[in-house]
Amino acid sequence: MAGVARTSPRTLTAVCLAGLGWAFSFGLGAPLAALWMRDAGCSAKVVGLNTSVYFLGAAAAALWAPALMKKAGRWCITIGILVDALSTALFPLAPGLTVWFLLRLLGGVASAVCLIPMETLINHNASPERRARDFGIYAFCVALGVGLGTLVGLPLYAWSPQLAFA
């Protein structure tokens with residue numbers, strides 16, 4: 001006998017839309033940061049290191065995100081998304097290499113702070129027989145957001161580089 005689903009459609013929809021929003025910012029920021037740095041004269045090695053710093057920030061934050069979730073709960077999602085979006089929007093306004101690295105590190109930390117609670121919420125609320133389906137819907141939204149961010153960001157960068165980050 002199938003169990004009763006614990007995930008309300010509204011909660012799943014909200015988490016999926018939040019994931020799509022975060023992913024749009026990620027899909028926008030990752031390639032645009034690389035282009036911005038390239039256009040500023042940075043080598044491919046420096047651009048690659050900058051991208052690595054983003055993921056190192058996410059990895060480091062993943063270690064303390066569960067403790068933060070106990071204190072801030074679902075606010076972690078909102079705070080993480082806002083800080084990540086802000087770090088992306090501020091990137092072209094930063095005065096140079098050091099701040100670019102700090103913004104990417106901050107963006108990585110913020111990503112972990114929002115993604116871990118979103119994925120936990122999906123897994124915790126879904127009944128076992130719906131967990132894969134619910135997580136698949138969430139993963140689709142994240143992939144769609146990354147793709148849309150890149151699709152929108154790259155043409156905007158050619159037209160107005162600073163505006164593309166916003």
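Which hand does the crossing of helices α3 and α4 have, left-handed or right-handed? In this predicted model, the crossing of α3 and α4 is left-handed.

**Helix pairs around α4**

Two packed helices are described by the angle between their axes and the distance between the axes.

| Pair | Angle between axes | Distance between axes |
|---|---|---|
| α2 and α4 | about 40° | 6 Å |
| α3 and α4 | roughly 155° | within 7 Å |
| α1 and α4 | roughly 160° | within 11 Å |

Helix α3 covers residues 75–90, and its axis crosses that of α4 at roughly 155°. Because angles over 145 degrees count as roughly antiparallel, α3 is roughly antiparallel to α4. On the α3 side, the residues that meet α4 include Cys76, Ile77, Gly80 and Asp84. On the α4 side, Leu103, Leu106, Gly107 and Ala110 are among the residues that meet α3. By class, the contact of α3 with α4 comprises twelve nonpolar residues, four polar and one charged.

Helix α1 and α4 cross at roughly 160°, and α1 is therefore described as roughly antiparallel to α4. The crossing of α1 and α4 is left-handed. Among the residues that α1 brings to this contact are Thr11, Leu12, Trp22 and Trp36, while α4 contributes residues including Trp100, Phe101, Arg104 and Asn125. The contact of α1 with α4 has 16 nonpolar, five polar and one charged residues.

Helix α2 spans residues 44–72 and α4 spans residues 97–125; their axes are 6 Å apart and meet at an angle of about 40°. This angle makes α2 oblique to α4. The crossing of α2 and α4 is right-handed. In the contact of α2 with α4 there are 20 nonpolar residues, seven polar and one charged.

Helix α1 has 31 residues, and the distance from its first C-alpha to its last is 45 Å, close to the 45 Å expected at 1.5 Å a residue. Just after α1, Gly41 takes a positive phi of about 95°.

Ser25 belongs to helix α1. Its relative accessible area is 12%, so Ser25 is buried. When residues up to four places away in sequence are not counted, Ser25 touches Asp84, Ala85 and Thr88.

Helix α5 runs over residues 128–159 and has 32 residues. From its first C-alpha to its last, α5 reaches 47 Å, close to the 46 Å expected at 1.5 Å a residue.

Which residues of α5 are buried? They are Asp134, Tyr138, Cys141, Val142, Gly145, Gly149, Gly153 and Tyr157. An α-helix has 3.6 residues a turn, so residues three or four places apart point the same way. The buried residues of α5 pack against α1, α4 and α6. In residue numbers, α1 is 9–39 and α6 is 161–165.

Gly153 lies in helix α5. Gly153 counts as buried because its relative accessibility is 0%. Leaving aside neighbours within four places in sequence, Gly153 is in contact with Leu28, Leu32 and Ala164. Gly153 and Leu56 are 97 residues apart in sequence, and their C-alpha atoms are 24 Å apart in space.

Terms used: Residues are numbered from 1 along each chain as its sequence is written. This is a predicted model: local features need pLDDT of at least 70, side-chain atom pairs count only at pLDDT 80 or more; totals for chains, interfaces and linings use all residues. Side-chain values use heavy atoms; hydrogens and water are left out. Axes are lines fitted to C-alpha atoms, for helices over the stretch in contact, and angles run from 0 to 180 degrees between N-to-C directions. Helices (H or I, at least four residues) and strands (E, at least two) are DSSP runs, numbered from the N terminus. Angles under 35 degrees count as roughly parallel, over 145 as roughly antiparallel, 65 to 115 as roughly perpendicular and the rest as oblique. A crossing is left-handed if the near helix is turned anticlockwise from the far one by less than a right angle, and right-handed if clockwise. Ala, Val, Leu, Ile, Met, Phe, Trp, Tyr, Cys and Pro count as nonpolar, Asp, Glu, Lys and Arg as charged, and the others, Gly among them, as polar. The expected span of a helix is 1.5 Å times one less than its number of residues. Buried means under 20% relative accessible area, exposed over 50%, partly exposed in between (1.4 Å probe, protein chains only). Contact means heavy atoms within 4.5 Å.
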